[in-house]
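Good morning. I will take a few minutes to go through one structure, and you can follow along on the screen.

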Amino acid sequence: MADDALFEFLHMEIVALVYKEQATREDIDKERVTCVSTLDAMGFRVGQGMIERFTKDCPTFKDDLDLMKFLCKDFWSTIFKKQIDNLRTNHQGTYVLQDNKFALLTQFSSGKQYLEEAPKYLAFSCGLIRGALSNLGLESVVTAEVSLMPSCKFMPNLKSLIN
Amino acid sequence: DNVCSGELKFHYTVHTSLDVVEEKISGVGKALADQRELYLGLLYPTEDYKVYGYVTNSKVKFVIVVDSSNTSLRDNEIRSMFRKLHNSFTDVMCNPFYNPGDPIQSKAFDSIVSTMMVQAC
């Protein structure tokens, strides 16, 4: 189905546009921070709306782990058409979500030369996770890392408001 | 004055009911492990009103206040009112022009609420 490709292309254009608008800045580091924040903020708002819709028909979550499992299965598969491949936690608020074939990275060649560019394409998705968690009552900081495309890891670090 | 004091009374009733909602949702993890429904049922009856509650997974609380004299409204009708509210709220949340936390100004939302209230009377 062409549906998946639509968002993938749109996402690529969004990243390109955000970076192009910042290109006039001379301070490269500041440019990166601003662009990542912009993309993260977009993902955040989308994540809030999506989690509202996806959790509409399910019972309340028992605990944070139950919530993270929902994120890894239902939420991820509705958006990226597959589940998270591996979920790990230290049971103290840090989680690692590993996706071995992340939908937004599959178009990249797997060589090392584009590894540096990859984080730009993860910012929106980090925001997505952060927004989803936020609307469920959990403040977090979400980072991501890539070592071998198209596999990547998202790392939400939770600070629960409820407890 | 009658209208104003009426409105204030509703605000007060709803405000008090929030305490009951909190009690109910904090009890979920412990004894009532199976009771993980969003619908909370009758929160408490006062002499004039019956107050029903519902909490979404995003911790948004819906409260419906019904006149005690209205005995024809059944439990499943209240449940379906909450479902409609939840569905409308989700639509509002997904509206990119809506900023979460702001008062809701959606005409669609208001019209669904008004229709429900008219139907219940």
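I will start with the contact between the chains, then turn to the cores, and finish with salt bridges.

First, how to read it. This is a predicted model, in which local features need pLDDT of at least 70 and side-chain atom pairs count only at pLDDT 80 or more, while totals for chains, interfaces and linings use all residues. Residues are numbered from 1 along each chain as its sequence is written, chains are lettered from A and ligands numbered from 1 in the order in which they are written, and side-chain values use heavy atoms, with hydrogens and water left out.

Now the interface. Chain B brings 19 residues to the contact and chain A brings 17 residues, where contact means heavy atoms within 4.5 Å. About 1700 Å² is buried between the two chains, and carbon and sulfur atoms give 47% of that. Buried area here is the accessible area, with a 1.4 Å probe, that two parts lose on being put together, summed over both.

By salt bridge I mean a side-chain nitrogen of Lys or Arg within 4 Å of a carboxyl oxygen of Asp or Glu. A:R53 and B:D91 meet in a salt bridge, at 2.8 Å from N to O.

Next, the cores. A nonpolar core is a set of buried Ala, Val, Leu, Ile, Met, Phe, Trp, Tyr and Cys residues joined through side-chain atoms within 4.5 Å. Buried means under 20% relative accessible area, exposed means over 50%, and partly exposed is in between, with a 1.4 Å probe and protein chains only. The largest nonpolar core has 44 residues, and A:F75, A:F102, A:L105 and A:F154 touch the most other members. Several elements of chain A each supply at least two residues of this core, including α1 (3–22), α2 (28–54) and β4 (151–160). Helices (H or I, at least four residues) and strands (E, at least two) are DSSP runs, numbered from the N terminus. The element that gives the most to this core is α3(A), with nine residues. If we set aside neighbours within four places in sequence, A:F154 is in contact with residues including A:W76, A:F102 and A:I129. Another core, of 19 residues, lies apart from that one, and B:F62, B:L73, B:L85 and B:Y98 are among its members.

B:T13 sits in helix α1 (residues 2–26) of chain B. Is B:T13 buried or exposed? B:T13 counts as buried because its relative accessibility is 7%. Not counting residues up to four places away in sequence, B:T13 touches B:Y44, B:Y49 and B:V51.

Last, salt bridges over all chains, of which the search finds 10. B:R79 takes part in a salt bridge with B:E37, where the closest N and O atoms are 2.8 Å apart. That pair links distant parts of the chain, 42 residues apart, with B:E37 in the loop between α1 and β1 (39–45) and B:R79 in helix α2 (residues 75–94). B:R79 also forms a salt bridge with B:D75, at 3.4 Å between the closest N and O atoms. B:R79 and B:D75 both lie in helix α2 of chain B, four residues apart, about one turn of the helix. B:R79 counts as partly exposed, at 31% relative accessibility. In chain A, a network of salt bridges links A:K82, A:D85 and A:D99.
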